[in-house]
Amino acid sequence: MKTALLIKEIYLEGFRNLGNIIVKKYFKAFAWFSFIMYAMVLYAFIFRVFTGFAFD
C-alpha cells in the first residue's frame, strides 16, 4: 500500500506545476496510454512464458 501511495504522489507531483490546460491533459493522456501499452507488453510476455513459447 505504501508503494501505491508513493507512485500516486509521484504522478500527482509530475503534473502539479504544468500551466497550460491543453498540455496538462495531453501529458496525462499520454501517461495513461504508456501505462496501458506497458501492461499489454507484460501480459503478452507472461502469456508466452506460460504457454511454452520458444524464444529462439
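Which residues line the largest pocket?

Modeller: Some conventions come first. This is a predicted model, in which local features need pLDDT of at least 70, side-chain atom pairs count only at pLDDT 80 or more, and totals for chains, interfaces and linings use all residues. Residues are numbered from 1 along each chain as its sequence is written, and side-chain values use heavy atoms, with hydrogens and water left out.

The lining of the largest pocket consists of Ile7, Tyr11, Ala31, Trp32 and Phe35. A pocket is defined on a 1 Å grid over the protein atoms alone, as an open set of points where a 1.4 Å probe fits, with protein on both sides within 12 Å along at least five of seven lines; a lining residue has an atom within 4 Å of a point. The space in the largest pocket comes to about 160 Å³, the volume being that filled by probe spheres set on the points, which are joined across faces, edges and corners.

Two helices contribute to this lining: α1 (2-16) and α2 (21-50) each supply at least two residues. Helices here are DSSP runs of H or I with at least four residues, strands are runs of E with at least two, and both are numbered from the N terminus. The largest share of the lining comes from α2, with three residues. By residue class, the lining holds five nonpolar, no polar and no charged residues; Ala, Val, Leu, Ile, Met, Phe, Trp, Tyr, Cys and Pro count as nonpolar, Asp, Glu, Lys and Arg as charged, and the others, Gly among them, as polar.

Tyr11, Trp32 and Phe35 form one aromatic cluster. The structure holds five aromatic pairs, where rings of Phe, Tyr and Trp (its six-membered ring) pair if their centres lie within 6.5 Å, with planes under 30 degrees apart counted as stacked, over 60 as edge-to-face and the rest as tilted. One of these pairs is formed by Tyr11 and Trp32, edge-to-face at 6.2 Å centre to centre with 65° between the planes. This pair links distant parts of the chain, since Tyr11 belongs to helix α1 and Trp32 to helix α2, 21 residues apart. Trp32 also forms an edge-to-face pair with Phe35, at 6.0 Å centre to centre and 85° between the planes. Both Trp32 and Phe35 lie in helix α2, three residues apart, about one turn of the helix.

Tyr11 counts as partly exposed because its relative accessibility is 27%, and Trp32 falls in that class at 49%; buried means under 20% relative accessible area, exposed over 50%, and partly exposed in between (1.4 Å probe, protein chains only).

Buried residues make up 2% of its 56 residues. The C-alpha trace spans about 50 × 30 × 15 Å along its principal axes. The C-alpha atoms of Trp32 and Asn20, 12 residues apart along the chain, are separated by 19 Å.
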